[in-house]
Amino acid sequence: MSTQLSRLLWVLAFVFALGISQFGTPATAQGLRFELQSLWRRTVSFYDQGRFAEAEQTARRSIAIASSRLGPRHKATARGGFELARVISRLGRTEEAEKLTRQAVSVWTGEFGPRSAEVSSALTLLGVVLFEQDRYAESQEALSRALSNLEVSRPLRPFHRGQILRWQGLVYWRQGKLDEAGVKLRQSLAALERMTGNDRIFVHRVEANFGRFLWQRGFFSEGEQYFKRAAAGYEQLGQPARSELAGLLARMGSFYASQDRHTDAEALLRRSLALNQV
């Protein structure tokens, strides 16, 4: 998980602003809106940098402010909870993350409707959190609901659709439904292919997933092609993708070692180690 789930909500930030402006004087409401939006942006920034302790602290501060000023069931309070859930799920605290995400689904369903973009975003995160708890049937149900919402929720639709399809593919893979997993991963790549700039990192993540998937199914040549595509993409992105590249190179090292290509494996493992030491 990363900024993909938040990006959908930033497109709709004006909706939150309208909700906040109902409280206090215009000047007070504007100040509160700017304060909360600043905290959300900082949470995302810390998360992207891997500074999870700071991200958690900032998200909790946004929740405390929104809850005390706007109420515990306000959509802005739920937004803080959504951001916090993303952070703590990365830290393995999936039970608390699930609770926060379900609350966001509930609040935003009442505010924006059950098939809104906001609810779709929260359902996607819920699907990921449930996946991390090995609750695959429930995860697939949440992801399927999120995907169906995109028929009426247009903002960032190709991007969001690609992310949901990726997670559906990973769920099917864990369930041993390999044909379905392959279809979903290919659909994810097709949906994300037009991403540009740093957003290309999401394409390369799916390429890396698909390379590993093909490797485990015995399609070594095609799997190697996808590994190489992902590695080249990460290298082109530079610093933002350094940790992703290090992890992929280590996996590729294992891939080559499994085929007795030990020279190639050693070279990749050395590069991975060097990247991790920077």
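How many aromatic pairs does the structure hold? This predicted model holds 13 aromatic pairs, and the tour begins with one of them.

**Stop 1**

Select Trp 215 and Phe 255. The ring centres of Trp 215 and Phe 255 are 5.4 Å apart and the planes stand at 80°, so the pair is edge-to-face. Because Trp 215 belongs to helix H11 and Phe 255 to helix H13, the pair ties together parts that are 40 residues apart in sequence. Trp 215 counts as buried, at 17% relative accessibility; Phe 255 is likewise buried, at 1%.

Phe 220 counts as partly exposed, with a relative accessibility of 36%.

**Stop 2: helices H12 and H13**

Now display residues 220–237 (helix H12) and 242–258 (helix H13), whose axes come within 10 Å and cross at roughly 155°. An angle over 145 degrees counts as roughly antiparallel, and H12 is therefore roughly antiparallel to H13. The crossing of H12 past H13 is left-handed. On the H12 side, the contact includes Phe 220, Phe 227, Ala 230 and Tyr 234, and on the H13 side Leu 245, Leu 248, Met 252 and Phe 255 are among the residues met. The residues of this contact comprise ten nonpolar, no polar and five charged.

**Stop 3: helices H5 and H6**

Move to residues 75–90 (helix H5) and 94–112 (helix H6), which pack at an angle of about 150° with their axes 8 Å apart. H5 is therefore roughly antiparallel to H6, and their crossing is left-handed. Residues to select in H5 include Ala 78, Phe 82, Leu 84 and Ile 88; among those they and their neighbours in the contact meet in H6 are Leu 100, Val 107, Trp 108 and Phe 112. The residues of the contact of H5 with H6 divide into eleven nonpolar, four polar and four charged.

**Stop 4: Arg 194**

Finally, select Arg 194, in the loop between helix H10 (178–192) and helix H11 (200–216). Is this residue buried or exposed? Arg 194 is exposed, with a relative accessible area of 79%.

Terms used
Residues numbered from 1 in each chain as written. Predicted model: local features only at pLDDT ≥ 70, side-chain atom pairs only at ≥ 80, totals over all residues. Heavy atoms only, no water. Axes fitted to C-alpha atoms, helices over the stretch in contact; angles between N-to-C directions. Helix = DSSP H or I, 4+ residues; strand = E, 2+ residues; numbered from the N terminus. Parallel < 35°, antiparallel > 145°, perpendicular 65-115°, else oblique. Left-handed = near helix turned anticlockwise from the far one by under 90°. Contact = heavy atoms within 4.5 Å. Nonpolar A, V, L, I, M, F, W, Y, C, P; charged D, E, K, R; others polar. Buried < 20%, exposed > 50% of the residue type's maximum accessible area, 1.4 Å probe, protein only. Phe/Tyr/Trp six-rings, centres within 6.5 Å; stacked < 30°, edge-to-face > 60°.
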